[in-house]
Amino acid sequence: MNNPSLELQLQTLPDSPGVYQYYDKEEKILYVGKAKNLKKRVSSYFNKTHDNAKTNVLVRKIVTIKHIVVSTEQDALLLENNLIKKLQPRYNVMLRDDKTYPWICIKKEPFSRIFSTRKMIKDGSEYFGPYTSFKTVHTLLDLIKELYPLRTCNYDLSETNINSNKYKVCLEYHIGNCKGPCEGLELLENYQKQVDAIRQILKGNFKESLKDFKMRMQELATDMAFEEAQKVKEKIAVLENYQAKSTILNPKISNIDVFSIVSDETMAYVNFLQIAHGAIIRSHTLELKKKLDETDEELLELAVVELRERFHLTSKELILPFELDFGDKIKVTVPQVGDKKQILELSQRNAKYHRLEQLKQIQIVDPERHTNRIMAQMQKDLRLSVEPRHIECFDNSNIQGTNPVAACVVFKDGKASKKDYRHFNIKTVVGPDDFASMEEVVFRRYKRMLDENQPLPQLIIIDGGKGQLSSALKSLDDLGLRGKIAIIGIAKRLEELFYPGDSVPLYLDKKSETLKIIQQLRNEAHRFGITHHREKRSKSALQTTLETIPGVGEKTMVMLLKHFKSVKRLALASENEISAVVGVAKAKKIYEFYKAINK
């Protein structure tokens with residue numbers, strides 16, 4: 001570091017937990033971070049060269065360091081989250097979700113109204129949520145409406161107004177949706193009992209409501225009021241049906257929040273499930289745009305703080321895929337087996353499905369961004385110095401040792417570029433020798449590209465193991481291209497990737513996009529090579545057969561090939577059909593020849 005001002009700022013940093021802020025020469029905020037030890041964490045940025053290019057760029061721009069000391073690491077985490085949202089620094093993770101969410105409000109008033117809203121008014125009313133979609137809100141409100149007759153008017157139902165007969169019952173009363181508290185036809189005590197039951201349903205607890213309905217149904221049946229008992233029974237069925245759809249595994253699992261993360265090169269997706277009384281009462285997936293190659297641990301920690309604040313989560317236990325510290329008041333569980341493990345896996349599936357959905361949308365709406373993401377992912381997965389925008393894959397075909405050929409297929413930006421495909425007939429190798437054949441075709445391919453000044457690929461894939469890879473490397477050495485083009489070999493059985501000079505293969509995730517593209521390349525090279533091999537073998541067989549017929553020369557063979565396409569068709573043709581192509585005299589000889597063979 002050659003900046004005396006920065007060195008002085010680093011020396012004066014405390015060894016305390018806190019939040020640090022980086023500014024550039026124009027006093028614009030670059031980055032906000034938290035630290036257990038401010039001096040150690042901030043100094044680490046300047047003591048080494050970072051693997052991530054963006055981090056190195058960030059460090060070069062830093063001119064001023066500011067910090068805020070706090071009591072604990074958990075306080076630093078909360079402060080970091082608030083400052084990121086407020087200042088929106090260029091190099092911090094971007095939370096891609098700034099919309100407002102709906103709540104269900106139990107209004108603080110006599111004969112409480114229950115309705116959905118996007119605004120919280122601090123007037124003593126109760127708010128449940130926020131919910132991640134209006135669909136969930138409407139489902140709950142429809143359930144409540146079906147179970148309990150509540151008022152929907154906005155009258156001031158004070159005792160004075162009711163006693164003075166200020167209001168009259170409306171249509172809702174006459175159709176049975178309201179019991180008419182406006183005219184004093186329903187007692188406040190009975191109405192508020194319904195509100196208490198609704199409050200429990202909104203918390204995910206159906207037990208008390210079901211118990212009360214079943215007790216009421218029994219009483220009505222005992223009093224021979226079977227029609228009323230049937231109506232209550234229908235309400236029990238509605239509630240049980242809703243509960244069945246919401247219940248997960250174990251009703252004893254209650255007041256727990258579950259978080260999981262799925263990430264790629266540029267984005268992370270954090271899903272959370274809120275569990276109450278064995279039911280999922282809320283689910284949401286948060287998208288985070290990476291800026292500095294952040295780890296899953298860093299991203300999940302940030303997301304948990306953000307989601308707990310955004311959705312007013314107060315549970316004391318979190319289920320996470322790995323250990324994180326949120327202070328003594330919050331218990332973190334990393335389940336290995338059992339019901340909690342299954343709930344975590346459910347959350348992870350939700351995060352994966354959300355990611356796949358987003359990727360499909362991006363592929364349709366913004367194909368360039370889709371391509372850039374895949375290229376960046378391939379560069380990271382395959383440990384390349386540059387993105388593999390131009391990839392070439394080689395495959396040999398010499399079935400039963402005859403007609404040895406090779407194929408080279410080309411992918412550009414992750415897609416097949418068929419106009420750049422090339423076939424090679426093996427010229428210098430005698431017999432079935434895959435290694436020597438590979439050495440020949442790789443040399444010929446890149447010798448020509450160098451001679452014609454064509455752009456070279458960023459990655460070469462050799463269909464085969466260590467032997468074929470070594471053969472290809474010899475050709476790159478001879479051409480002076482060793483180290484200038486990345487090259488790997490893929491073994492067919494276990495999808496092992498071999499690198500020059502490394503005896504230990506690399507295994508990619510079987511579902512990764514990088515492996516899928518490599519498999520596409522390998523399969524396409526194999527298909528292209530086999531097709532050429534069959535054509536050559538068929539042509540060779542046809543020529544060999546025709547050459548044995550006296551009086552049939554090369555020109556005649558070409559004419560017959562063009563017309564009949566194959567030896568089989570020629571052998572089955574009539575004398576008249578053949579004479580139409582090569583004349584009566586030659587047709588007689590050819591027809592007699594095949595007639596004798598087919599006997």
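**Note on the predicted model**

1. In β3, Y22 has I65 as its bridge partner. β1 and β3 run antiparallel and are joined by six bridges.

2. The sheet around that pair is open and has three strands, in the order β2-β1-β3, with antiparallel pairing. β2 and β3 (64-69) are the edge strands, and each of them pairs on one side only. On average, neighbouring strands here are turned by 20° against each other, direction ignored. Helix α4 lies across β1, β2 and β3 and runs at about 165° to β2.

3. Some aromatic residues should be noted next. Y20, Y22, Y31, Y45 and F46 are linked into a cluster by ring pairs. The ring of Y23 has the charged end of K66 over it, 4.6 Å from the ring centre. A further case of a charge over a ring is R383, whose charged end sits 4.6 Å from the centre of the Y499 ring.

4. The largest nonpolar core contains 35 residues, and F259, V270, L288, L300, L320 and F326 have the most contacts inside it. At least two core residues come from each of β1 (18-23), β2 (29-35), α4 (73-87), β8 (256-263), β9 (267-276), β10 (279-289) and α11 (296-310). The biggest contribution is that of α11, with seven residues.

5. What does L288 touch, once its neighbours within four places in sequence are left aside? Its contacts are V93, M94, L95, T266, M267, A268, V270, L299, L302 and A303. L288 and V270 are both among the core residues with the most contacts.

6. β5 (residues 103-106) pairs with β6 over four bridges in the antiparallel sense, and C105 has F115 in β6 as its bridge partner.

7. The aromatic pairs number 15. Why does the pair of Y155 and Y167 count as stacked? The ring centres are 4.3 Å apart and the planes stand at 5°, so the pair is stacked, the cut-off for stacking being planes under 30 degrees apart. Y155 is in the loop between α5 and α6 (159-163), while Y167 is in the loop between α6 and α7 (171-174), so the pair ties together parts twelve residues apart in sequence. Y155 is partly exposed, at a relative accessible area of 32%, whereas Y167 counts as buried at 12% relative accessibility.

8. Overall figures close the note. The protein has 20 helices and 20 strands. Of its 599 residues, 47% are buried. Among contacts with a separation of 6 or more, 59% are between residues 24 or more positions apart.

Notes:
Residues numbered from 1 in each chain as written. Predicted model: local features only at pLDDT ≥ 70, side-chain atom pairs only at ≥ 80, totals over all residues. Heavy atoms only, no water. Core = buried A, V, L, I, M, F, W, Y, C linked by side-chain atoms within 4.5 Å. Buried < 20%, exposed > 50% of the residue type's maximum accessible area, 1.4 Å probe, protein only. Contact = heavy atoms within 4.5 Å. Pairing = 2+ DSSP bridges. Phe/Tyr/Trp six-rings, centres within 6.5 Å; stacked < 30°, edge-to-face > 60°. Lys NZ or Arg CZ within 6 Å of the ring centre and 35° of its normal. Axes fitted to C-alpha atoms, helices over the stretch in contact; angles between N-to-C directions.
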